[in-house]
Amino acid sequence: MDSLEIDLIKRAQNGEREAMEQIFLMEREYLYKMAFLYMKNKEDSLDLVQECILRCITSIRSLKQPQYFRTWMTRILINCAHEEWARRGRYDFTEEEVFTAGESFPDEERMDLYHAIDCLNFPYRDIIIQHYFVGNKLNEIARTLNLPIGTVKVYHSRAKSRLKCMLEVEK
């Protein structure tokens, strides 16, 4: 993040509306892509982005380090997605449901990689999405999820193993 962006964020923290608008215009594509990875459709993704922006606006003064604005904003978006999934009752799967999710489907309808990722629980799903779809390094993911880097490395390995197991069941 360059000094102009940091200055813009500081101005937004001081209540400057134009600075806030500029920040979210710069971040809108990123926010939408992230939301779509979680929500899987346009309408829900746009709703999620709107909720995220609203929360960012109301709490931007609590951001302690402006250089981590995107990390902070991403965490808010992820929290909004988790809340929406929990509200809909599609958030948590038991371990048994995760590994048997595809067994009752006919061969032509077996779950694919995206369905398998959707079956992962927090934080495994978030780590896979952040790493492979967004391209964040594990240390960035650790900062975003507020977890130690060692924990993120272990969860990343476990998530890959679970995905492999789920996808092998489908063959």
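A residue counts as buried when its relative accessible area is under 20%, as exposed when over 50%, and as partly exposed in between. Keep that in mind as we tour this structure, which is a predicted model.

Let's start with Gln13. This residue is found in helix H1, which covers residues 3-13. Its relative accessibility is 13%, so Gln13 counts as buried. What does Gln13 touch, leaving aside residues up to four places away in sequence? The list is Ile60, Arg61, Leu63 and Pro66.

Now for the whole chain. It has nine helices and zero strands. Of its 171 residues, 42% count as buried. Its accessible surface comes to about 9,900 Å², and carbon and sulfur atoms hold 51% of that. If we take contacts between residues at least 6 apart in sequence, 62% of them join residues at least 24 apart.

How do two of these helices meet? In general, a packed pair is described by the angle between the axes and the distance between them. Helix H4 (residues 69-88) and helix H8 (residues 138-145) pack at an angle of about 65°, and their axes are 8 Å apart. Their crossing is right-handed. On the H4 side, Thr71, Thr74, Arg75 and Ile78 take part, and they meet Arg143, Thr144 and Leu145 of H8.

Next come the charged pairs. Side chains of opposite charge can pair when their charged atoms come close. The whole structure contains nine salt bridges, including these:

| Salt bridge | N to O distance |
|---|---|
| Glu16 and Arg11 | 2.8 Å |
| Arg70 and Glu27 | 2.8 Å |
| Arg87 and Glu84 | 2.5 Å |

The side chains of Arg70 and Glu27 meet in a salt bridge. Arg70 lies in helix H4 and Glu27 in helix H2 (residues 17-39), so this pair ties together parts that are 43 residues apart in sequence. Arg70 is partly exposed at 36% relative accessibility, whereas Glu27 is buried at 6%.

Arg87 and Glu84 sit three residues apart in helix H4, which means that about one helical turn separates them. Arg87 is exposed, with a relative accessible area of 62%, while Glu84 is buried at 18%. Elsewhere, salt bridges with shared partners join Asp7, Arg11 and Glu16 into one network.

Tyr114, Tyr132 and Phe133 make a nonpolar patch of about 320 Å². One of them, Tyr114, is found in helix H6 (residues 113-119). Tyr114 has 46% relative accessibility and therefore counts as partly exposed.

Key: Residues are numbered from 1 along each chain as its sequence is written. This is a predicted model: local features need pLDDT of at least 70, side-chain atom pairs count only at pLDDT 80 or more; totals for chains, interfaces and linings use all residues. Side-chain values use heavy atoms; hydrogens and water are left out. Patches are made of residues with over 30% relative accessible area and no salt bridge: like charges are joined within 9 Å, nonpolar side chains (Val, Leu, Ile, Met, Phe, Trp, Tyr) within 5 Å. Accessible areas come from the Shrake-Rupley method with a 1.4 Å probe; for residues, only the protein chains shown count as cover. A salt bridge is a side-chain nitrogen of Lys or Arg within 4 Å of a carboxyl oxygen of Asp or Glu. Helices (H or I, at least four residues) and strands (E, at least two) are DSSP runs, numbered from the N terminus. Buried means under 20% relative accessible area, exposed over 50%, partly exposed in between (1.4 Å probe, protein chains only). Contact means heavy atoms within 4.5 Å. Axes are lines fitted to C-alpha atoms, for helices over the stretch in contact, and angles run from 0 to 180 degrees between N-to-C directions. A crossing is left-handed if the near helix is turned anticlockwise from the far one by less than a right angle, and right-handed if clockwise.
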